[in-house]
Amino acid sequence: MKLNKEEINALRDLLSDEGNRNSEVLTNLHQKLTGSGTVELYVDGAADLHSKTAGIGGVLFRNGEELYSFSDYIHDKTNNEAEYSALIKGLEISIELNQTNVAIYADSQLVVNQINGDYKVKDERMKALHGKASLLLKKLDSWSFEHIPRDQNKVADKLSKQAMMSGRK
């Protein structure tokens, strides 16, 4: 999660028992963390079979405000494995942050259609990833998963590519 300077100072004051000088900032921070409504989760995976590197990225938004982002190097994976891994990581973070109403967006038509039940999962490695994602989705109160064009997934795309590039030596 990205906290601004006021929020960090308010947390320092709270943790150091210096009183409640920043009560308005703390209230806003609490609302950011515990706000109701649907969270938007954008995920993406990137893989380069030649360099045997892959990365995942994702970002959670509520009401247009970024709550959390991730960018992780995941070593030698296919693009579809990276796409599923990004979804799984995003779901794990959503659950950890107690965000249980999630609208998920990805530019992988395969993963979206497999999760939504429109495509069968044939590959054994994909079946394992699909199963893990499905178990996580069951922990949510509500969810939707929509395919979007890559140009509408720029933040997650950038994060996944940054992670992939970090693995190249």
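Which residue forms a salt bridge with Glu124, and how many Å apart are the closest N and O atoms? The partner is Lys127, with the closest N and O atoms 3.3 Å apart; a salt bridge here is a side-chain nitrogen of Lys or Arg within 4 Å of a carboxyl oxygen of Asp or Glu. This is a predicted model, so to speak read with some care: local features need pLDDT of at least 70 and side-chain atom pairs count only at pLDDT 80 or more, while totals for chains, interfaces and linings use all residues. Residues are numbered from 1 along each chain as its sequence is written, and side-chain values use heavy atoms, with hydrogens and water left out.

As for the overall layout, the chain has six helices and five strands, taken as DSSP runs numbered from the N terminus (helices H or I, at least four residues; strands E, at least two). Going along the sequence, the pattern reads α-α-β-β-β-α-β-α-α-β-α. Of the 169 residues, 43% count as buried; buried means under 20% relative accessible area, exposed over 50%, and partly exposed in between, with a 1.4 Å probe and protein chains only. The accessible surface of the chain is about 9,700 Å², and carbon and sulfur atoms make up 48% of that (Shrake-Rupley method, 1.4 Å probe; for residues, only the protein chains shown count as cover). Among contacts with a separation of 6 or more, 68% come from residues 24 or more positions apart, a contact being heavy atoms within 4.5 Å.

Now to the sheet. Its five strands form an open sheet in the order β3-β2-β1-β4-β5, with mixed pairing; two strands pair if DSSP finds at least two bridges between them. At the edges sit β3 (65-73) and β5 (142-147), each pairing on one side only. Neighbouring strands are turned by 15 degrees against each other on average, direction ignored. Strands β1 (residues 39-48) and β4 (residues 101-106) run parallel and share five bridges, and Val39 stands opposite Val102 in β4. Helix α3 (residues 79-96) lies across β1, β2 (53-62), β3, β4 and β5, at about 150 degrees to β1. For such angles, axes are lines fitted to C-alpha atoms, for helices over the stretch in contact, and values run from 0 to 180 degrees between N-to-C directions.

Most residues other than glycine have a negative phi. His75, in the loop between β3 and α3, has a positive phi of about 70 degrees although it is not a glycine. Asn98, in the loop between α3 and β4, also has a positive phi, near 60 degrees, and counts as exposed at 60% relative accessibility.

Back to the charged pairs: the structure holds five salt bridges. Glu124 and Lys127 both lie in helix α5, three residues apart, about one turn of the helix. Glu124 is exposed at 57% relative accessibility, whereas Lys127 is partly exposed at 39%. Glu92 is partly exposed at 34%, and Lys132 is partly exposed at 44%. In helix α6 (residues 154-166), Lys161 and Asp157 are four residues apart, about one helical turn, and their side chains meet at 3.2 Å, N to O. Lys161 is partly exposed at 38%, but Asp157 is buried at 14%.
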